[in-house]
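What follows is a walk through one protein model, from its ligand to its strands and its charged side chains. Please keep the sequence and the 3D view open while reading.

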Amino acid sequence: MMYPLSIFLNNLLLTLFLIRLVTLFPVTNTKPATFLEDFRITWSDSHIKQLDGGKGIQLLLDQNSGCGFASKKKYLFGLVSMKIKLIPGDSAGTVTAFYMNSDTDQVRDELDFEFLGNRTGQPYSVQTNVYAHGKGDREQRVNLWFDPSADFHRYSILWNYHHVVFSVDEVPIRVYKNNEHKGTPFPNSQPMGIYSTLWEADDWATRGGLEKIDWKEAPFYAYYKDFDIEGCTTPEPSACASNRANWWEGPSYQRLDAGAARRYRWVRMNHMVYDYCTDKRRNPVTPPECLINGI
Ligand SMILES: *[C@@H]1O[C@H](CO)[C@@H](O)[C@H](O)[C@H]1NC(C)=O
């Protein structure tokens, strides 16, 4: 049977269009992941509830327990993000954490986001820390410029061969560069899992432990959704460590662009409340990475 030429041409155009679409939008993880696709509960099943057909979850903290979850797989480089809505009102003494950890005792690598609660009306602080080859003690804190319990915000960790960037929505709040060639350690050989916990830490979390948790306000709830893990995972970590072809290693992810650099400076000038780099009591000698992690 013969098709009229016009139908043939139409089909040809449609095919070309579809090919073009596919090349424009590479097919990586396009559908929103459900919680159980990527994660499992690691602490207190009874305190984690799935919402919205498993696309979101609710974490609960009460006097009996906090709770936590972890990714099923480990990754070596990638971009991880989730949207979180933190405990509203009086959250003093509570800590909600989102972090990556190599789970190795000896030479631990770890990238931390810790949300430190506060009394009603006082700003939440976000503490970040970087452990590389077993050494941490690199805390920085910023006070958030919005109420993180009023709505969901996206918190992400970009980890590639060039740097680690912690971001809140599209605002970088911390950059830790790979300057291994200058002798500063950088996590680049061990895969890390993704973890989150909600727990009580009123011995240190709020105003250095002065503000205690008010159990009359319990139970405390935090909400998560839009889990997104784009990372390299293989049984053989060295294959990930040496692969520079993944998109998160691309030119636009190797350094902050002008807009992001401007937002990063704005955070550091207006919202930074603690930096280990300038804590002379703890670090009489400025740690080497502080000298080169400037903007
Ligand atoms: C809590 O609020 C106090 C007073 O505004 C502020 O100094 C502190 O940085 C806030 N965050 C924490 C975690 O204490």
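A polar side-chain atom of Gln122 lies 2.6 Å from an oxygen atom of the ligand, which is a polar contact (a pair of N or O atoms within 3.5 Å; within protein, one must be able to donate a hydrogen and the other to accept it, and residues adjacent in sequence count only if both atoms are side-chain atoms). The model is a predicted one, in which local features need pLDDT of at least 70 and side-chain atom pairs count only at pLDDT 80 or more, while totals for chains, interfaces and linings use all residues. Residues are numbered from 1 along each chain as its sequence is written, and side-chain values use heavy atoms, with hydrogens and water left out.

Asn118 also has a polar side-chain atom facing an oxygen atom of the ligand, at 2.5 Å.

Eight strands form an open sheet in the order 1-4-13-6-7-8-9-15, with antiparallel pairing. Strands and helices here are DSSP runs, numbered from the N terminus (helices are H or I, at least four residues; strands are E, at least two), and two strands pair if DSSP finds at least two bridges between them. Strand 1 (39-43) and strand 15 each have a single partner strand, so they stand at the edges, with one side of each left without a neighbour in the sheet. From one strand to the next, the twist averages 15 degrees.

Within this sheet, seven bridges join strand 7 (residues 110-116) to strand 8 in the antiparallel sense. Contact means heavy atoms within 4.5 Å.

Strand 10 and strand 11 form a hairpin with three residues between them; they run antiparallel and are joined by five bridges. Leu158 has Val165 as its bridge partner in strand 11. Strand 11 and strand 12 (residues 171-177) also run antiparallel, with six bridges, and Phe166 stands opposite Arg174 in strand 12. Their hairpin has two residues between the strands, and Asp169 there takes a positive phi near 50 degrees.

Strand 11 is mostly covered, with six of its six residues buried. Buried means under 20% relative accessible area, exposed over 50%, and partly exposed in between (1.4 Å probe, protein chains only). His163, Val165 and Ser167 point one way from the strand, and Val164, Phe166 and Val168 the other way.

Where is Asn160 placed? Asn160 is in the loop between strand 10 (153-159) and strand 11 (163-168). At 0% relative accessibility, Asn160 counts as buried. A polar atom of its side chain lies 2.7 Å from the backbone nitrogen of His162, and one lies 2.9 Å from the backbone oxygen of Tyr253. Not counting residues up to four places away in sequence, Asn160 touches Phe77, Phe186, Trp248, Glu249 and Tyr253.

The last topic is charge pairing. There are eleven salt bridges in the structure, each being a side-chain nitrogen of Lys or Arg within 4 Å of a carboxyl oxygen of Asp or Glu. Glu110 and Arg108 form one of them, at 2.3 Å from N to O; Glu110 is buried at 8% relative accessible area, whereas Arg108 is partly exposed at 28%. Glu139 pairs with Arg282, with the closest N and O atoms 2.8 Å apart. This pair links distant parts of the chain, 143 residues apart: Glu139 lies in the loop between strand 8 and strand 9, and Arg282 in the loop between strand 15 and helix 5. Asp90, Arg119, Arg207 and Glu211 are linked in a network of salt bridges.

Technical notes: Axes fitted to C-alpha atoms, helices over the stretch in contact; angles between N-to-C directions.
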